[in-house]
Each structure stands twice: as structure tokens, then as C-alpha cells.
Amino acid sequence: MRNITKITLILVYLVIVAGATVRMTGSGMGCPDWPKCFGYLVPPTERAQLEWQPDNTYKKGQVIIVDETLRVAKKDFVTTDAYLEHNWSTYTKHNYAVFNAFHTWTEFINRLIGALAGIATFIMAIVSLQYWKKNRRVTILSWITVLGMGFQAWLGATVVYSVLEPVKITLHMVMALVIVALILYILYSIQKPFKESSYNPLFKNSIIFALLLTLIQIVLGTQVRQYVDTQIDVFGETAKDQWLTNPTLQFYLHRSFSVMVLAVNAFLFYMNRKKALGYSLMNWVIIVLFAEILSGIIMYYNDFPIGSQAVHLVLASILFGVQFYIFLEVQKSKYQVETL
């Protein structure tokens, strides 16, 4: 169960990596439908595959592009020499009808990794049934995680149908963190006995505050990314030095909050060392946090080097995960104190 849970956690983080890559490359609409991609289980590789062709067999649900709109086959049929409108219906979820092979396959790989994570989550839930008698919470949370993955998949579909509406992208990201937290809780619950840590109420309240700050930072970061997307539409992909021209309030809040995040976590690190509380993962919090801030500085002063945006988001997600695991350790130490 521990190994399966760890694999599931890694796959969920890979989904976050893939999602960040999709966002970074502007591939969110690479597959304009869901769960298939242009009506295919395996998407096309060139535009010609999406153009109407005579004497060709089409399957129900297959998509073509006609006059820059998506058309969906109503049934299985073989075309004649002429295009017949009555065989097709207009795709009604949105009016986006652009094919870019790179974007399509980037989004498709993202969905494949998501499917693998979903399968791993389901296997984890099946195996968790062995804990029903000795630790029922593990089983219940495992199945809640399966439902969470299903809800996350539905959110992904709504993101596509909304043509990447910012609020839905943010909800999609937050739900990914909720799933990470659930899996970490399950993993913590089934881990072997760990080295006991000391309980300190101030440390507990501070780690909760640090978690909240990280979550706010991630939400603000998705909003900043949305602003960058609009700037790319205005100035183009190559004018990276113009992407943060006249930035929004969210950008300044995001940048200012980083100072507060650093200060709170530095305080936690100091308290952990000074009072010998024993939370060894605080060392990783500081390492990840400095890498996160460094990636933000590099993006700002070096005009978004390739991969920097994805790294920035993934580091923030890892920071959230490590902080949450420390919170679980704090809760355990509190319980031990209360039961003495």
C-alpha cells in the first residue's frame, strides 16, 4: 500500500508538471474536445487529417474542420464525392477550431498522464480495503481521492469547454493540491513509526499560516500567468521583454507575498532549530522555497527562459506538499501530548 500510494503521489505531481507545461506552451486548447481529441483516441498529427475527404470512412463523433469551425460526424458513414451537410453537426461547446500538432500532442500527453494517475488512484483505493477494519479512515480517504480525481477530470473538461477561462484554470490547480493533500494524508497514516517530534502551539499555528500563504501565492500566480497569456496575444511569442509591461495588481501582490512567505518559513525554520522540535522536513521547505524564489527572479529579469514558468509552478506545488506533511507531523505530536 505504501509503494502504491507513493507511485500515485508521484503521478499526480507529474500531472501538475504536464499541466504547467501545457500552460507554458499555450497548448490548453490543443484538444478542443474531451475526453477524446478531435474525436480520436489517438489525435491527428497534421491538418490534412482534419479536412473533409471524399470516399473516406468517418466514425460517429469524429471531428473535422470546415470553414474554421468544428464539425462532428452524426453517425458512421462513407463520404461521396461531395460534402453533405446533413451528415455533420456543428460542435456547440465553443467555437475554437485551430489545429497545431505540437499543442495537440502536448495536451494529449497531459491527458495520458492524468489517466495513469487516475488508474493508480483507483488501484490505491482497491488495496486500501485491507485497512477497513484496522484504520477505516485510510479506506474512506482513498475512495474520496478517487472521486476527487473524477471531479478533477470534469474540471479539466470545463476548462476546455470554457476556452481556458481563468477562474476555472485556478480551480483546476487548487483541486490538484487538494488531491496531493489527500494522498499525503493517506501516506502519512500508513507509514512506519517515525521519530517523535515535539509539539509547540506557536509552531502549529505558524505552519498553518505558511500553508495558507503558499496557497494564496499559487492562486495569485495563476492570475499573473493569465495576464502573461493576454500579453503574449498582444505582443507575440518572441517579445518576452514586453510580457510584463504595466503589470496588474495581482503581479505586485504575488511578488510582495513572496517576502512574507519567506519570512514566515524562516521563522518556522529558526523555531524548529532553536527549540529542537525535530521537524527535519523544514530543511527541505527552505531549499524548495529558495529555489522557488530564484526561479521567479530568473523569469522576471531574464524574460521567461524556456521551462522557467513550469518549474516555478511545480516548485510551489512541492512546497505546499512538504508543508502539509509537516502539518500532519505537528498534529501527530499534538495528539501524543494530549494522550499522555
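Ile 326 touches Phe 203, Ile 207, Tyr 279, Leu 281, Met 282 and Val 285, leaving aside residues up to four places away in sequence. In this predicted model, Ile 326 and Phe 203 are also the residues that touch the most other members of the largest nonpolar core, which has 51 residues.

**The nonpolar cores**

**Helix 2 against helix 3**

- Helix 2 (residues 101-127) packs on helix 3 (residues 136-161) at an angle of about 160 degrees, and their axes lie 8 Å apart.
- An angle over 145 degrees counts as roughly antiparallel, so helix 2 and helix 3 are roughly antiparallel to each other.
- The crossing of this pair is left-handed.
- On the helix 2 side, the contact is made by Arg 111, Gly 114, Ala 117, Gly 118, Thr 121, Phe 122, Met 124, Ala 125 and Ile 126.
- Helix 3 answers with Ser 142, Trp 143, Thr 145, Val 146, Met 149 and Val 160.
- Sorted by class, the residues of this contact are 9 nonpolar, 5 polar and 1 charged.

**Helix 3 against helix 4**

- What angle do the axes of helix 3 and helix 4 make where they cross? They cross at roughly 165 degrees and come within 9 Å.
- Helix 3 is therefore roughly antiparallel to helix 4.
- Here, too, the crossing is left-handed.
- The contact of helix 3 with helix 4 has 17 nonpolar, 8 polar and 2 charged residues.

**The protein as a whole**

- The protein has 8 helices and 5 strands.
- Along the sequence, these elements follow the pattern α-β-β-β-β-β-α-α-α-α-α-α-α.
- Taken along the principal axes, the C-alpha atoms fill a box of roughly 85 × 55 × 25 Å.
- Of the 340 residues in the protein, 46% are buried.
- Among contacts with a separation of 6 or more, 70% join residues 24 or more positions apart.

Technical notes
Residues are numbered from 1 along each chain as its sequence is written. This is a predicted model: local features need pLDDT of at least 70, side-chain atom pairs count only at pLDDT 80 or more; totals for chains, interfaces and linings use all residues. Side-chain values use heavy atoms; hydrogens and water are left out. Axes are lines fitted to C-alpha atoms, for helices over the stretch in contact, and angles run from 0 to 180 degrees between N-to-C directions. Helices (H or I, at least four residues) and strands (E, at least two) are DSSP runs, numbered from the N terminus. Angles under 35 degrees count as roughly parallel, over 145 as roughly antiparallel, 65 to 115 as roughly perpendicular and the rest as oblique. A crossing is left-handed if the near helix is turned anticlockwise from the far one by less than a right angle, and right-handed if clockwise. Contact means heavy atoms within 4.5 Å. Ala, Val, Leu, Ile, Met, Phe, Trp, Tyr, Cys and Pro count as nonpolar, Asp, Glu, Lys and Arg as charged, and the others, Gly among them, as polar. A nonpolar core is a set of buried Ala, Val, Leu, Ile, Met, Phe, Trp, Tyr and Cys residues joined through side-chain atoms within 4.5 Å. Buried means under 20% relative accessible area, exposed over 50%, partly exposed in between (1.4 Å probe, protein chains only).
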